[in-house]
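Dear colleague,

Here is the structure I said I would pass on. My notes follow below it.

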Amino acid sequence: MSAEYQVHGSVAVITLNNPPVNGLGHATRSAAVQGMQQALADDAVQAIVITGAGKAFSGGADIKEFNSPKALAEPSLHTLIRTVEESTKPVVAAIHTVCMGGGLELALGCNYRVAMPGAQIALPEVKLGLLPGAGGTQRLPRVLGLEMALNMIVSGTPVPSEKLAKTAIFDEVFAADANLLEAAVAFANKVAAARPLPKVRDRKVDYPNHEAFLQFSRNTVKAMSGPFPAPLECVECVAASVTMKFEDGLKFERDRFLKLIQTTESKSLRHAFFSERQASKVPDVPADTPTRAIKKAAVIGAGTMGGGIAMNFANAGIPVTILEMKAEALEKGLATIRKNYENTLKKGKLTQEKFEQRVALITGTMNYEEIGDADIVVEAVFEDMGVKETVFRKLDEVMKQGAILASNTSTLDVDKIAAFTKRPQDVIGTHFFSPANVMKLLEIVRGKATGKDVLATTLALSKKLKKTGVVSGVCDGFIGNRMIEQYSRQAGFLLEEGCLPEQVDKAVEKFGFAMGPFRMGDLAGNDIGWYIRKRRYVESPEITYSKTADLLCEMGRYGQKTGGGWYDYKAGDRKAYPNEEVNAMIVKHSEDIGVVRRKISDQEIVERLVFALVNEGALILEEGIAMRASDIDMVYLTGYGFPLHRGGPMFYADTVGLPNVLGSIERMSRGRHGEAWKPAPLLVKLAAEGKGFNG
Ligand code: NAI
């Protein structure tokens, strides 16, 4: 049973019990309906209380059943709510801790609602590209009023119960020290004989001049919701609560819900939601793998990345010491960190107290002896194997036994780095993204020898640092940068064949990327790619690149940091202005290599860049560098600005259809630089089997 039934005097108590948050899965709904029937059949019962066991009243739909037929099987949530609403005995929802989604819709079907303060009340369906489909859009406005209900439904943001105490949603909000069950049973006894039974559906939504308000809301929400249809559909459903009869409003809501659930946007959001949870699971590292305590951290290098990484530890309350080799670099690094925190303080996003706490948690040193007792050390020195070797040999000497030795390298071989120590089991890659204090992604690079407990600890740490940790195997560039390399190569070839940076960036940004490849290059610094290519020209001369990016660097145009790259920039303005000299260099380069420039469509640009990611992603999956396609999607959604409404490159390929993706890739393999388009065997296989990367 996933709901319990008990009788307290003349009050029946149905307790939803489906840990962790009493999701309204099939078994729970069945047990609750059964409880209602039992209570209605028992003459000794005068009133009914519905509450939740443990840490929630109910968090809503059971995510374990999300895409299974069980989600819609009878008794459905509608049936449960109708059973409650049509009860001939009063039903009281006793709410605590979490009351969200379907849980709140159930509570709104009850005759009365009582709550503990501090309960989180929300209809968060919009965050998954949906709308509350079990009457939420019709009932919430009837108790909260049009404006407040609309805000909650369109934003999905939780509101604490005490803030709603004065509205009709609650009949009583108890004192913080009350015993909820006792207080709810007492309340139920009080209303046991009251008739007629109050029903939310019988209330009216009064709002003077509602049409003007609704039109204003439509305009605002439309402007803010980008490619996502759900927020505007939420407004339309809430509008129906004012303009339609209750039953018609319910039907309207149902129709819109069923329409939304089929949209790619909602499917993408749900994919991202599940992928994030999935990413932290490693099949051979079970959830009960022992972890090491991380109470103290150290970072080597106070540069761009080291400073941001140190801030992550301080933000999580973990003291951290930064080690530098030069006093000047250390001072500069610490000053940058302080300035970052000061900016956050000025923006009002940090209290003075927290500001001081965080600054105090970060110290600097030039002496290795001072970091020996840290539980984890993250190396973020220059991207050079020789420098990494010196640092890791030293760390092996000074760090206490059991300390985790992590490297922030973005391309180098973590196994080689581990071999510089006598404890390769303690070595792991933690690849943060720039700016490290902001970006959500943390690629966790599992070396050949990395201990399971070290991996489990790093995954747990990524959660503590509020990052999305994705595990990658060892290869040049790991998951994200190895794929972006193919994307960048295509961007370079497009310049040779007829595009200018602006056209490529605009096409990709219209597709939904936060930033096109050339604006991105200017932000990150074009010299980084130049440095890597120079290494590859020697190590892997068979890989072809366009020379345009090298010519740009030879012009001294590294990007925003040198005042210009592919574009020009004005001080205090991140807007990119095309530069005629750069564009002339691009056109001349085509002439020099004998390529006749042609008009290239936006569709071709997007296909070449995105399918380059997909094809490399398929290789990465096949080689086992990524454990699952959804991990690759998470890397791109959280680290590379891939459009969320398209669900990540691999999910996007699934929605396009793998035979179509393969068809384009085969066509491109017959064109210029066809050598870059050898279809990944996994893509060929899945396309032939009619399957997708994500199943
Ligand atoms: P950076 O050049 O800004 O900083 C490196 C710092 O390390 C400098 O302050 C330098 O003085 C210090 N350093 C060098 N050798 C040292 C030693 N032996 N002992 C102590 N300190 C030493 O470099 P950045 O950009 O912070 O990169 C650091 C690492 O992070 C590299 O491995 C890089 O590939 C990786 N990375 C960089 C990203 C970026 O966007 N910049 C993104 C992700 C990873």
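A residue is called buried if 20 or more other C-beta atoms lie within 10 Å of its own, exposed if 12 or fewer do, and partly exposed in between, with C-beta atoms placed from the backbone. F66 has 15 other C-beta atoms within 10 Å and is therefore partly exposed.

This is a predicted model, in which local features need pLDDT of at least 70 and side-chain atom pairs count only at pLDDT 80 or more, while totals for chains, interfaces and linings use all residues. Residues are numbered from 1 along each chain as its sequence is written.

F66 sits in the loop between β3 (47-52) and α2 (77-85); helices (H or I, at least four residues) and strands (E, at least two) are DSSP runs numbered from the N terminus. Neighbours within four places in sequence aside, F66 is in contact (C-beta atoms, placed from the backbone, within 7 Å) with A61 and A71. Its C-alpha atom is 41 Å from that of G306, 240 residues away along the chain.

The ligand has 27 residues around it (C-beta atom, placed from the backbone, within 6 Å), the closest being G301, G303, M305, E383 and S434. At least two residues of this shell come from each of α11 (304-315), α14 (385-398) and β15 (427-432).

The unreviewed UniProt entry annotates residues 477-569 and 605-691 as "domain: 3-hydroxyacyl-CoA dehydrogenase C-terminal"; such annotations use the numbering used here, with feature names shortened, and may be inferred rather than shown by experiment. Residues 477-569 are 65% helix and 2% strand, with end C-alpha atoms 29 Å apart. For residues 605-691 the figures are 67% helix, 0% strand and 26 Å.

Regards

Notes
Two residues are in contact if their C-beta atoms, placed from the backbone, lie within 7 Å.
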